Amino acid sequence: MDLKKSSVYKLSDSFNCLSSKKESSLVNVQRNMAIKIIQKAIKEGTLEKEYSDVIRSVLEDLKNLQEKGQYGFQITTYEAEEMENLTNDQIIRYLFHRYRYLIYPIKKILDNYPPCLQIEPASICNFRCRFCYQSDQSFNRKSSGFMGTMTLERFKKIIDQIENHVEFVTLASRGEPLLAGDFIPMIEYTKGKFLGLKINTNASVLTEKHIHAILSSEVQTLVISADATEEPLYSQFRVNGNLKKILRNVERLHDIREKYYPDAKTITRVSGVMIDPEKQDIDSMRSFWGSLVDQVSFVKYSPWEKIYQADPNSISTSCSDLWRRMFVWYDGKVSPCDNDYKSTVKIGSIDETTISELWKSQRYQDLRGQHLNADRCLLDPCKRCTVT
């Protein structure tokens, strides 16, 4: 199967489509509520000083209803559904950090912590998806030195550093997070610490124990990666995967949630990579998965799996990830990008310094400067990457 060639991949607009069970009016409801909460905080003088400038910008943007593509902050279906699960007291904090995630990368604003931290519980994976780094045998072999799982001690160290500073945390990157031996105590340690903790999993090893841990720990979003609704297409994309097994596990998730956690606020989503529009469509995904999860979606394909072999391109736009996300591998190494899955662009290690110091380090700043100067063509693998 030949994967379709990808054009520029914009991280700020990575969804191909997102379908939800919620009413379409939810976006306006949450927007209007946010405006009222902000105006009340300003009037009563309760808006925290550290949030003030950003939240006032959020208010102005929400009131102006700027068109998509402009610099203004907007509440989309994605934000509206996350906000619906928050208390009024949490909304301003959420909006502050969501603005950091969405707008800081556009305006190239840098503060003390990454808006999003992506933590890798495991780099190993039981799948060899056609569009993933795991299809690279020079990466996935045990002898390569890239394979492993994070210790609970290292995980706790990371969480302790970012609590109250970073709200958007994703557990996943190069591998399948549920394969980490300490995954359950890791999840339990995060309870109540973040407004936007997300787990990405292929759901192949999603057990009852995993499900109870995720739902009882109040994980905000559980994303199950699946790209098709029938065989053999599913296993052609998700090599080593079995659609019947994944379906059983997702049904188990649904049943446990209904029986034991009817008030759970965890958003469940089945999300696929849009590789072949002639064979994949959101309607069939909605029909197949829609009764079991809250959302179904496709994200746009980027040639992650062949970054080191791709021809250099002419893209000169800065990569927004340099201001949006930072990645911590299972062994503590820090990377600015998961497309560079072999870490040829080295930043440092959390075993030697802190998350904040790494984010503001000279090495990171030099990398950002090269991108701002349209010199990504001098960097490898940046010169081969389509992400902006």
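A: Happy to; here is a chat that goes from the whole chain down to single residues.

Q: Great. What kind of model is this, and how are residues numbered?
A: This is a predicted model, where local features need pLDDT of at least 70 and side-chain atom pairs count only at pLDDT 80 or more, while totals for chains, interfaces and linings use all residues. Residues are numbered from 1 along each chain as its sequence is written, and side-chain values use heavy atoms, with hydrogens and water left out.

Q: How many helices and strands does the protein chain have?
A: There are 15 helices and 10 strands in the protein chain. Helices (H or I, at least four residues) and strands (E, at least two) are DSSP runs, numbered from the N terminus.

Q: And why call it as compact as a globular protein of that length?
A: The radius of gyration is 20 Å, close to the 21 Å that the globule rule gives for 388 residues, so the protein chain is as compact as a globular protein of that length. That radius is taken over C-alpha atoms, and the rule is 2.2 Å times the number of residues to the power 0.38. Along the principal axes, the C-alpha atoms fill a box of roughly 60 × 55 × 45 Å.

Q: What share of the residues is buried?
A: Buried residues make up 55% of the 388. Here buried means under 20% relative accessible area, exposed over 50%, and partly exposed in between (1.4 Å probe, protein chains only).

Q: What about the surface itself?
A: The protein chain exposes about 17,500 Å², and carbon and sulfur atoms supply 46% of that. The areas come from the Shrake-Rupley method with a 1.4 Å probe; for residues, only the protein chains shown count as cover.

Q: How much of the contact count comes from residues 24 or more positions apart?
A: Such pairs account for 77% of the contacts with a separation of 6 or more. Contact means heavy atoms within 4.5 Å.

Q: Switching topic: how far apart are the mean positions of the positive and negative charges?
A: They are 2 Å apart, for 54 positive and 51 negative charges. Lys and Arg count as positive and Asp and Glu as negative, with His and the chain ends not counted. Each charge is placed at NZ of Lys, CZ of Arg, CG of Asp or CD of Glu.

Q: Let's zoom in on helix 4. Is it mostly covered or mostly open?
A: Mostly covered, with 11 of its 15 residues buried. Among them are Ile91, Ile92, Tyr94, Leu95 and Phe96.

Q: What span should helix 4 have?
A: Helix 4 covers residues 88-102 and should span 21 Å at 1.5 Å a residue; its end C-alpha atoms are 21 Å apart, which agrees. The expected span is 1.5 Å times one less than the number of residues.

Q: Now Leu367. Where is it, and is it buried or exposed?
A: Leu367 is in helix 15 (residues 362-372), and it is buried, with a relative accessible area of 1%.

Q: Which residues does Leu367 contact?
A: Leaving aside neighbours within four places in sequence, Leu367 is in contact with Leu322, Pro336, Val345 and Leu379. Leu367 and Pro336 are 31 residues apart in sequence, with their C-alpha atoms 9.2 Å apart.

Q: Tell me about Pro336, then. Where does it sit?
A: Pro336 is in the loop between strand 9 (333-335) and strand 10 (348-349), and is buried at 5% relative accessible area. Not counting residues up to four places away in sequence, Pro336 touches several residues, including Asp321, Leu322, Phe327 and Tyr364.

Q: And Leu322?
A: Leu322 belongs to helix 13 (residues 321-324) and is buried, with a relative accessible area of 4%. Its contacts beyond four places in sequence include Trp359, Arg368 and His371.

Q: Where are the cis peptide bonds you have for me?
A: One joins Glu231 and Pro232, with omega about 10 degrees; Pro232 is in the loop between strand 5 (221-225) and helix 10 (233-237). Another joins Asp380 and Pro381, with omega about 15 degrees, and Pro381 lies in the segment after helix 15.

Q: Last one: which residues other than glycine have a positive phi?
A: One of them is Ala172, with phi near 155 degrees; Ala172 counts as buried at 5% relative accessibility. Asn240 also has a positive phi, about 85 degrees, but Asn240 is exposed, with a relative accessible area of 55%.
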